[in-house]
Amino acid sequence: MHVQEWLDTVPPAAVYAVVALVIGLESLGIPLPGEIVLVSAALMSSQHSGINPIVLGACATAGAVIGDSIGYAIGRKGGRPLLAWLGRKFPRHFSEGHVATAERSFEKWGMWAVFFGRFVALLRIFAGPLAGVLHMPYWKFLTANVLGGICWAGGTTAVIYYVGVVAEDWLKRFSYLGLAAAVLIGLTSMLLIKRRAKKAQTEQREAEPVSARD
């Protein structure tokens, strides 16, 4: 079932918890479609479904920050063996190549890899656990984690919400234009048919005297 269709079956108040939980688990290191769930919920909030976009953004941010922090703690305690175990359980996401790519990003960007990693699907899963494995100072991790969570979760919610509002307004206007166009086309077609019928009747009347004389 499509994510948004599934969210439609969830009570509005529970959508906040679902979004926070899915994003939190993804940030913790479990491959889940956190971004898809957030975008779907933000789009729902623009359609007057009882979901407040501000509360939604706050819940998504909290899920991202808390999930990343738990992932950091697990990574710091589990170390390299944890990455090896994750590689066996989730080879598609935690393969040696993906881990090496993430490590290079951390070596190059440091704490900013945590911040910018929030906007990249692969690094979003890796950021917390890998920062813990590499023993990044927690204050650096937390700073980048909070800033990244606010910018990604809050920013995504705001952008999708306003895009949804604008799109809905545009579709309403488009529907009125479509209705007017349909009426215009219908009237034009009716006039053309009426004109052709009248022309056919005239031609038939002109042809009748000729047939009589014959």
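The structure is a predicted model, in which local features need pLDDT of at least 70, side-chain atom pairs count only at pLDDT 80 or more, and totals for chains, interfaces and linings use all residues. Residues are numbered from 1 along each chain as its sequence is written, and side-chain values use heavy atoms, with hydrogens and water left out. The chain holds 8 helices and 0 strands. Helices (H or I, at least four residues) and strands (E, at least two) are DSSP runs, numbered from the N terminus.

**Whole chain**

- Read from the N terminus, the elements run α-α-α-α-α-α-α-α.
- The chain has 214 residues, and 35% of them are buried. Buried means under 20% relative accessible area, exposed means over 50%, and partly exposed lies in between (1.4 Å probe, protein chains only).
- Take the contacts with a separation of 6 or more: 78% of them join residues 24 or more positions apart. Contact means heavy atoms within 4.5 Å.

**Helix H3**

- Helix H3 covers residues 34-45, which makes 12 residues.
- The expected span of a helix is 1.5 Å times one less than its number of residues.
- Buried residues in H3 are Gly34, Val37, Leu38, Ser40, Ala41, Ala42, Met44 and Ser45.

**Threonine 61 in helix H4**

- Threonine 61 sits in helix H4, residues 53-89.
- Its relative accessible area is 13%, so threonine 61 is buried.
- Threonine 61 touches Gly149, Ile150, Ala153 and Gly154, with residues up to four places away in sequence not counted.

**The loop between H6 and H7**

- Arginine 118 lies in this loop, between H6 and H7.
- Arginine 118 has 2% relative accessibility, so this residue counts as buried.
- The side chain of arginine 118 makes a polar contact with the side chain of serine 27, at 2.9 Å. A polar contact is a pair of N or O atoms within 3.5 Å; within protein, one must be able to donate a hydrogen and the other to accept it, and residues adjacent in sequence count only if both atoms are side-chain atoms.
- Leaving aside neighbours within four places in sequence, arginine 118 is in contact with several residues, including Ile23, Ala64, Asp68, Asn145 and Trp152.
- Valine 120 also has its place in the loop between helix H6 (111-117) and H7.
- With a relative accessible area of 39%, valine 120 is partly exposed.
- Valine 120 and glutamate 35 are 85 residues apart in sequence, and their C-alpha atoms are 10.0 Å apart in space.

**The loop between H7 and H8**

- Histidine 135 is found between helix H7 (121-133) and helix H8 (138-213).
- Its phi is near 55°, a positive value in a residue other than glycine.
- Histidine 135 has a relative accessible area of 47%, so this residue is partly exposed.

**Aromatic rings**

- A pair of aromatic rings is described by the distance of the centres and the angle of the planes.
- Rings of Phe, Tyr and Trp (its six-membered ring) pair if their centres lie within 6.5 Å; planes under 30 degrees apart count as stacked, over 60 as edge-to-face and the rest as tilted.
- The count by this rule is 8 aromatic pairs.
- One of them joins tyrosine 138 and phenylalanine 141: the pair is tilted, with 6.1 Å centre to centre and 35° between the planes.
- Both of these residues lie in helix H8, 3 residues apart, about one turn of the helix.
- Tyrosine 138 is partly exposed at 38% relative accessibility, whereas phenylalanine 141 is buried at 0%.
- Tyrosine 161 and tyrosine 162 have ring centres 5.2 Å apart and planes at 80°, so the pair is edge-to-face.
- Tyrosine 161 is partly exposed at 21%, and tyrosine 162 is exposed at 54%.
- Trp112, Phe115, Phe116 and Phe119 form one aromatic cluster.

**Cysteines**

- A disulfide is a pair of cysteine sulfur atoms within 2.5 Å. The count by this rule is 0 disulfides.
- Cysteine 59 is partly exposed, with a relative accessible area of 21%.
- Cysteine 151 is partly exposed as well, at 38%.
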